[in-house]
Amino acid sequence: MEFLERFAIPHPSPAIYASMVAIALVSIGILAGLTYFKKWGYLWREWLTTVDHKKIGIMYLVSALLMLFRGGADAIMMRAQLSAPDMKLLDAQHYNEIFTTHGVVMIIFMAMPFIFAFMNLIVPLQIGARDVAFPRLNALSFWLFFAGAMLFNISFVIGGSPDAGWTSYFPLAGNDFSESVGTNYYMLAIQISGIGSLMTGINMCTTILKMRAPGMTLMKMPMFTWSAFIANVIIVFAFPVLTVALLMGTTDRLFATNFFTTDNGGMDMLWANFFWIWGHPEVYILILPAFGLYSEIISTFSKRNLYGYSSMVWSMVLISLLSFLVWTHHFFTMGQGALTNSIFSITTMAIAVPTGVKIFNWLFTMWKGKIRFTVPMLYSVAFIPLFTIGGVTGVMLAMSAADYQYHNTMFLVAHFHNTIIPGVVFAMLAGLTFYWPKFFGFILNEKIGKVTFWLLTVGFVLAFFPMYITGLDGQARRMYTYSEATGFGALNMLSFAGAALMAIGFVTIVYNIYYSFKNSSRDIGSDPWDARSLEWATHTPVPEYNFARTPQISSSETFWDSKKNGHELFKGEIEEIHMPNNSGIPFVMGMIFFVAGFSFIFALWVPAVISLIGIFICMAMRSFEKDHGRHISVKEIIETEEKLGGAK
Amino acid sequence: MHIDNSQPLEYSTQQNQLNILGFWIFLGAEIMLFATLFTAYFTLEGRTGSGPAPAEIFEITPVLIETLVLLTSSFTIGLGIHAMRLGRKNAMLTFFTITLLLGLCFLGVEIYEFMHYYHIGATYQTSAFTAALLTTLGTHGAHVTLGLFWGTFIILQVKKRGLTPETANKSFIFSLYWHFLDVVWIFIFSFIYLKGMM
């Protein structure tokens with residue numbers, strides 16, 4: 001019994017016990033369902049062992065949507081707790097845990113897989129490649145992300161959730177002030193999924209640099225591919241910093257080292273610096289692919305080519321450089337002195353310039369265009385003004401002297417949600433709607449989609465704009481309650497109403513998928529939106545080899561050229577295609593990483609060492625394996641092409 | 001698989017070229033990893049708490065042996081790759097084996113060095129300085145250890161399968177890794193040991 005006590009929840013409540021039961025029931029339900037419908041073999045062959053970038057993309061997509069609801073549940077609980085003064089819904093400890101997991105889940109386990117989903121689904125198609133450079137590494141990246149996400153999500157029923165904020169500042173996150181294993185979960189789960197992200201970064205950079213179709217020079221790449229490339233360059237240079245910081249945090253907690261402690265020379269501010277040297281580039285890792293999606297969508301639905309292509313590219317390059325030079329603005333009040341703060345104020349404000357260039361480019365793309373207000377376009381059009389407000393409040397926060405007024409208030413919370421929701425979340429939903437037909441063969445219902453859009457937009461404005469006001473009036477973030485005398489009650493109730501609208505909005509997305517699956521036409525062709533770039537040039541659904549013949553590229557909008565200007569996209573004979581084999585090793589490695597992470601979290605050294613050895617055995621097996629892939633014969637390709645409606 | 005004979009064996013297929021570029025990008029990430037460790041070390045090296053200062057624990061002899069051994073191993077793996085380019089399998093295997101043996105020597109001396117620190121009271125838990133020192137050295141040492149296993153696998157594969165585009169590619173990438181560890185060591189030697197002993 002003593003052994004099992006470590007797994008108990010330090011702050012139990014009926015809601016957590018209910019969740020435990022729910023998790024157990026759902027897991028049993030899934031296992032039973034798989035057995036009853038005899039789907040184990042299908043699951044193993046088609047999904048768990050797949051190395052196909054499109055299937056991996058879909059798995060990222062499903063995970064991201066699930067995590068969106070997990071993080072959303074946290075959000076609605078927080079807003080409910082703050083909806084009126086002196087609420088008793090959550091106590092301080094639960095509130096701490098919930099805002100911590102909300103932040104981590106939304107950034108690391110929702111937004112990251114969402115952008116990885118689109119990178120996986122779109123990038124190889126946009127550059128006319130068969131797959132990514134290292135398909136098996138790609139599968140491993142996914143399973144590491146998945147292992148990290150699962151590990152993080154069981155924390156609240158086994159051992160307790162992290163409660164030191166998503167930034168996990170030391171000394172609060174050290175053993176003295178965070179006694180439960182919660183912060184161990186934070187360190188290990190993010191470490192595991194972070195290694196996966198780093199591998200994706202390397203994989204995507206190599207893919208984009210070396211696997212473009214003939215004729216596609218760097219300056220003829222579609223804008224989403226450009227944005228993905230720059231985001232992945234940032235990943236490669238930012239994630240190792242997080243790796244080291246998390247490693248040090250882990251040893252501080254598990255092996256009593258003194259990196260971030262307050263005695264024996266430890267320096268807590270080192271964590272804050274490392275965290276944000278990764279953390280600030282991280283927000284650009286999320287927003288740049290979102291910008292890429294908006295660029296594709298706005299030019300498609302304005303029936304115009306993207307305005308200022310090269311300035312779009314250069315502005316992203318500039319943003320990626322500046323993103324590494326601004327981290328101190330996250331802690332202006334922590335005593336760097338006026339000179340340091342001033343320098344970081346200026347670098348921060350400088351980011352507004354290239355971002356502004358992009359805003360104007362989108363506006364000029366729409367100027368005199370034939371705009372179709374489809375659901376993806378609505379999100380994009382709403383994004384421009386809303387994101388601009390988020391950007392302007394960002395410049396307000398960047399003024400270090402003024403920041404002393406709003407630091408750690410709800411004003412900051414309003415600001416970053418104002419950039420992340422219209423910036424990243426809207427882009428993901430726009431991209432989801434836009435690319436859905438390419439991968440699932442039917443269009444999501446536009447009417448329901450528009451209802452979702454309005455619920456989310458109105459909900460967003462109601463939820464977050466009041467926080468600007470309460471923040472300026474002094475409502476601190478991360479406080480679980482406030483007194484009636486503060487006068488924050490009414491505006492917080494408004495926020496709660498907005499959050500509730502958003503929650504309904506997200507549910508309507510699920511309903512839309514269900515409704516459209518049942519009712520939408522399957523006869524949509526391969527190019528339902530009259531789009532412009534290469535991903536629409538192949539069949540729907542996309543065959544596993546993507547393109548039967550390698551496309552010949554003329555411009556960044558080759559597909560448009562082939563439709564309107566008679567550019568010959570596919571030339572020559574169909575040849576045999578080489579494809580990689582499926583492999584179970586990435587999945588197995590992901591599961592071993594899960595066990596390793598869990599063992600380290602609870603300091604169970606025997607299983608920890610065994611699972612580390614297991615990981616090395618998997619790597620050794622990969623080294624000795626002779627895997628030359630397989631070939632798809634010409635006959636097979638022609639049959640597939642004809643079944644999909646004519647050779648491409 | 002299309003083989004381009006105008007290229008050296010390790011570059012001769014498209015997958016080989018992808019592997020090499022991908023590994024260079026990985027080394028870029030590794031540079032960031034070690035840069036972060038060095039940053040932590042430089043920030044914390046003066047913060048010794050109640051523990052010893054750098055000059056009190058560093059000893060020049062083991063460090064010089066480690067340096068000499070590792071630099072030589074970088075030279076021998078270069079010879080190994082040169083032999084591989086000439087298609088001389090046995091010479092290549094000999095140089096690779098010498099490289100790994102030198103790596104093993106390095107590791108042995110480093111383990112001795114760590115035990116020495118432990119005995120004179122500079123443990124992982126002593127101070128922020130010792131934690132940063134041992135983490136930086138330990139990360140490098142862990143890379144060398146991994147390299148010893150990886151290199152052995154490659155020797156076994158070359159021995160069994162001969163010099164094919166695949167094994168040549170693996171050997172070349174391994175040599176990049178090994179040279180990289182040497183470069184990192186030069187920084188460790190100059191900016192941790194020499195600086196600390198001055």
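Is N184(A) buried or exposed?

Reply: N184(A) is buried, with a relative accessible area of 7% (buried means under 20%, exposed over 50% and partly exposed in between, with a 1.4 Å probe and protein chains only). The model is predicted, so local features need pLDDT of at least 70 and side-chain atom pairs pLDDT 80 or more, while totals for chains, interfaces and linings use all residues. Residues are numbered from 1 along each chain as written, chains are lettered from A and ligands numbered from 1 in written order, and side-chain values use heavy atoms, without hydrogens or water.

N184(A) belongs to helix 7 of chain A, which covers residues 182-210 (helices are DSSP runs of H or I with at least four residues, strands runs of E with at least two, numbered from the N terminus). Leaving aside residues up to four places away in sequence, N184(A) touches R253(A), L254(A) and I601(A) (contact means heavy atoms within 4.5 Å).

The whole chain provides the setting. Chain A contains 20 helices and two strands. Its radius of gyration is 25 Å, close to the 26 Å that the globule rule gives for 648 residues, so chain A is as compact as a globular protein of that length (the radius is taken over C-alpha atoms, and the rule is 2.2 Å times the number of residues to the power 0.38). The C-alpha trace of chain A spans about 70 × 60 × 50 Å along its principal axes. Of the 648 residues of chain A, 59% count as buried. Among contacts in chain A between residues at least 6 apart in sequence, 82% join residues at least 24 apart.

Two helix pairs show how parts of chain A pack. The axes of helix 4 (residues 53-82) of chain A and helix 16 (residues 489-519) of chain A come within 9 Å and cross at roughly 160 degrees (axes are lines fitted to C-alpha atoms over the stretch in contact, with angles from 0 to 180 degrees between N-to-C directions). That makes helix 4 of chain A roughly antiparallel to helix 16 of chain A (over 145 degrees; under 35 is roughly parallel, 65 to 115 roughly perpendicular and the rest oblique). Their contact includes L68(A) and F69(A) of helix 4 of chain A, and F496(A) and V510(A) of helix 16 of chain A.

Helix 12 (residues 375-398) of chain A packs against helix 15 (residues 446-472) of chain A at an angle of about 10 degrees, with their axes 10 Å apart. Helix 12 of chain A is therefore roughly parallel to helix 15 of chain A.
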